[in-house]
Amino acid sequence: MAAEWEIQKAIFARLAGFSALTSALSSTSAIYDFLPQELADRDSEFPYVVIGDVSSQPFDADDRLGHEAFFLVHTFSRYPGKRQAAEIMGHVYDALHRHELSVTGLNLVTCEWDGLGEVMREQDGLTHHAVQRFRIIVTTSAS
């Protein structure tokens with residue numbers, strides 16, 4: 001099952017459609033699943049959000065197939081101080097925590113922040129890097 005890709009598409013769609021988040025970013029297209037290095041080096045690109053890899057483990061029962069998936073959302077900011085990164089983390093949380101995502105071909109059971117959230121300063125001394133981890137459980141009927 002390609003649950004990871006369907007989950008990632010649903011996460012991206014939710015974040016890109018959440019106006020409080022997109023208005024806090026450098027542009028409405030500042031949500032990525034991969035950021036080319038040449039963009040990451042430009043001050044004008046900050047702040048932005050990157051959806052990290054989705055990892056999942058199957059869990060099956062007699063009447064359904066399921067996946068428990070975890071993913072990280074990274075926020076990058078060059079605002080002096082942690083305020084901007086923390087505010088964007090709040091918007092990501094509001095967009096995803098206990099929100100019913102539309103995952104193609106799967107039934108969403110839950111999407112929740114799993115308690116990991118941290119803002120760190122990168123080695124360049126300019127960039128704040130925030131990380132949040134979310135957990136999603138999806139199921140589908142067994143054939």
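**Exercise 1.** Is E4 buried, partly exposed or exposed? Place E4 in the fold and list its contacts.

*Solution.* The model is predicted.

Step 1. Take the accessibility. E4 has 27% relative accessibility. Buried means under 20%, and exposed means over 50%. E4 therefore counts as partly exposed.

Step 2. Find the element. E4 belongs to helix α1, residues 3-16.

Step 3. List the contacts. Leaving out residues up to four places away in sequence, E4 touches V54 and S56.

Step 4. Look for polar atoms. The E4 side chain makes a polar contact with the side chain of S56, at 2.4 Å.

Step 5. T104 is 100 residues from E4 along the chain, and their C-alpha atoms are separated by 11 Å.

**Exercise 2.** Classify the ring pair formed by Y32 and Y48, and state where each residue sits.

*Solution.* 

Step 1. Start from the search. Five aromatic pairs turn up in the whole structure.

Step 2. Apply the geometry. The ring centres of Y32 and Y48 are 6.0 Å apart, and the planes meet at 85 degrees. Planes over 60 degrees apart count as edge-to-face, so the Y32 and Y48 pair is edge-to-face.

Step 3. Locate the partners. Y32 is in strand β1 (residues 31-32), and Y48 is in strand β2 (residues 48-60). They are 16 residues apart, and the pair links distant parts of the chain.

Step 4. Y32 has 14% relative accessibility, so Y32 counts as buried. Y48 has 4%, so Y48 is buried too.

Step 5. Widen the view. Ring pairs join Y32, F46, Y48 and F76 into a cluster.

**Exercise 3.** Repeat the analysis for Y93 and W113.

*Solution.* 

Step 1. The ring centres of Y93 and W113 lie 5.8 Å apart, with planes at 80 degrees, so this pair is edge-to-face.

Step 2. Y93 lies in helix α4 (residues 83-96), whereas W113 lies in strand β4 (residues 107-121). The pair links distant parts of the chain, 20 residues apart.

Step 3. Y93 has a relative accessible area of 31% and is partly exposed. W113, at 32%, is partly exposed.

**Exercise 4.** Which residues does L126 touch, not counting those up to four places away in sequence?

*Solution.* 

Step 1. L126 sits in the loop between β4 and β5 (128-141).

Step 2. With those sequence neighbours set aside, L126 touches S77 and R78.

Step 3. Compare positions along the chain. Y79 is 47 residues from L126, and the two C-alpha atoms are separated by 8.0 Å.

Terms used
Residues are numbered from 1 along each chain as its sequence is written. This is a predicted model: local features need pLDDT of at least 70, side-chain atom pairs count only at pLDDT 80 or more; totals for chains, interfaces and linings use all residues. Side-chain values use heavy atoms; hydrogens and water are left out. Rings of Phe, Tyr and Trp (its six-membered ring) pair if their centres lie within 6.5 Å; planes under 30 degrees apart count as stacked, over 60 as edge-to-face and the rest as tilted. Helices (H or I, at least four residues) and strands (E, at least two) are DSSP runs, numbered from the N terminus. Buried means under 20% relative accessible area, exposed over 50%, partly exposed in between (1.4 Å probe, protein chains only). Contact means heavy atoms within 4.5 Å. A polar contact is a pair of N or O atoms within 3.5 Å; within protein, one must be able to donate a hydrogen and the other to accept it, and residues adjacent in sequence count only if both atoms are side-chain atoms.
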